[in-house]
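Student: I have a structure to work through and would like to go step by step. Can we take it as questions and answers?

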Amino acid sequence: MSTNRKALVIGCRGQIGIELVMALRTKLGQDNVIGADIQPAESVSSEDGPYVQLNVLDAEALRACVQDHAVTEVYQLAALLSATGEKNPMYAWKLNMEGLLNILELAKEFKFRLFWPSSIAAFGPTTPADQTPQTTIMEPSSVYGISKLAGERWCEYYFMKYGVDVRSLRYPGLIGHRSAPGGGTTDYAVDIFYSALKENKYTSFLSENTELPMMMMEDAIRATIQLMESDAEKIKIRSAYNLAGISFTPKQLAEEIQKHLPGFEISYAPDFRQGLADSWPNSIDDSTAKNDWGWEIEYPMPRLVSTMLEEIAKKVS
Ligand code: AKB
């Protein structure tokens, strides 16, 4: 496939990165998507496509990578998530902020289009929790959330001041079967499927009525690509768009799984992640994304659960 687009995905071995690289390679052609991550090249199959070992905090190496590959778009996904971030707040701040600022500086110079993910964690305990609006009170209480809110402000600043074409989404908890989540509070909604299929039971680290916004990974990847392919004049928000899929509690998820696995049992042992979840919205109003660039979900909860069970059953067996 011939294209004049050349994409660089930083953090390509993470939960979103693995799936985004696959989707972009199908669209743009294998050689037009460069994966970059901290892992040594030997640990990544070269058959999958070009790969660069890269630390996003190394500004010179990042610059060389952008220049050598003449990239036209960059997805900067390398970050510490909410739960891991709380264990190492200073490093979370450094990685999440310096990583973003390094790539924003290069976007200013080389004029590539940039995607950077924000999160529902940018909201906080004082935010209206139901149908959280696009513009509202944002007082996040986790280091991850603080870095996401600050990152959103930096994105808008670089757009306003330097015309950087940066685009962002406030991802909800993401649920996929091709890649494992790493260090988030919403990870329970992936772990539960593996335990259900292996042991027919699961102990949730969030309490039964903790409602959070969630989304099937296929929807999140489609949203990301759709946002990046939209004409610049449609992108009215340069901080980050609210993005909603569905909202559910661990109890509701277990009930949906029980429709397929009647003997499945769930128990609850909330840990420190409960505090993070309690500070986040229950549901999100994403009407601005719908109006500006036509966002719609394709995976309501029944489809999400049946797809996850079907796909993970293939791996577990
Ligand atoms: C996390 O749980 O930290 C992430 C997120 C909501 O951004 N999945």
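Student: Which residue is the bridge partner of Ser118 in β8?
Tutor: This is a predicted model, so read every value as computed from it. Two bridges join β6 to strand β8, residues 169-171, and the strands run parallel. In β8, Ser118 has as its bridge partner Arg170.

Student: Which strands are the edge strands of that open sheet?
Tutor: Three strands make up the sheet, in the order β6-β8-β12, with parallel pairing. An edge strand pairs on one side only. That gives β6 (118-119) and β12 (241-242).

Student: Which residue in β7 is the bridge partner of Phe115?
Tutor: Strand β5 covers residues 113-115, and two bridges join it to β7. These two strands run parallel. The partner of Phe115 in β7 is Arg167.

Student: Which residue in β2 does Leu8 stand opposite?
Tutor: Four bridges join β1 to strand β2 (residues 33-37), and they run parallel. In β1, Ala7 and Val9 point one way, while Leu8 and Ile10 point the other way. All four are buried. Across in β2, Leu8 stands opposite Ile34.

Student: Why are the buried residues of α2 on the same side?
Tutor: Helix α2 spans residues 59-68, and its buried residues are Leu62, Cys65 and Val66. They share a side of α2 because the arc they cover around the axis is only 95°.

Student: Which exposed residues sit on the face of α2 turned away from its buried side?
Tutor: Start with the buried residues of α2, which pack against β1 (7-10), β3 (51-53) and α4 (89-110). Now turn to the face pointing away from that buried side. The exposed residues there are Glu60 and Asp68.

Student: Which residue just after α2 takes a positive phi?
Tutor: Helix α2 covers residues 59-68. Look just after it, for a phi of about 45°. The residue is Ala70.

Student: Which residues have the most contacts inside the largest nonpolar core?
Tutor: This core has 38 residues. Domain 1 and domain 2 each give at least three residues to the core. The residues with the most contacts inside it are Ile175, Tyr188, Phe193, Phe248 and Leu253.

Student: How far apart are the C-alpha centres of domain 1 and domain 2?
Tutor: Domain 1 is 7-172, and domain 2 is 174-213 + 245-316. Their C-alpha centres lie apart by 23 Å.

Student: How many residues does the contact between the domains take from each?
Tutor: Take each side of the contact in turn. Domain 1 gives 28 residues. Domain 2 gives 25 residues.

Student: Is Ser239 buried or exposed?
Tutor: Ser239 is found in the loop between α7 (217-229) and β12. Its contacts, leaving aside neighbours within four places in sequence, include Glu152, Arg153 and Arg170. The cut-off for buried is under 20% relative accessible area. At 7% relative accessibility, Ser239 counts as buried.

Student: What is the relative accessible area of Ser207?
Tutor: Ser207 lies in the loop between β10 (201-204) and β11. Not counting residues up to four places away in sequence, Ser207 touches Pro250, Tyr268, Pro270 and Gln274. Ser207 is partly exposed, and the value is 24%.

Student: What radius of gyration does the protein chain have?
Tutor: The C-alpha atoms fill a box of roughly 55 × 45 × 40 Å along the principal axes. For 317 residues, a compact globule would have a radius near 20 Å. The chain agrees with that, at 19 Å.

Conventions:
Residues are numbered from 1 along each chain as its sequence is written. This is a predicted model: local features need pLDDT of at least 70, side-chain atom pairs count only at pLDDT 80 or more; totals for chains, interfaces and linings use all residues. Side-chain values use heavy atoms; hydrogens and water are left out. Buried means under 20% relative accessible area, exposed over 50%, partly exposed in between (1.4 Å probe, protein chains only). The arc is that of the directions from the helix axis to the C-beta atoms. Contact means heavy atoms within 4.5 Å. Two strands pair if DSSP finds at least two bridges between them. A nonpolar core is a set of buried Ala, Val, Leu, Ile, Met, Phe, Trp, Tyr and Cys residues joined through side-chain atoms within 4.5 Å. Domain bounds come from an automatic or database domain assignment. The radius of gyration is taken over C-alpha atoms; the globule rule is 2.2 Å times the number of residues to the power 0.38.
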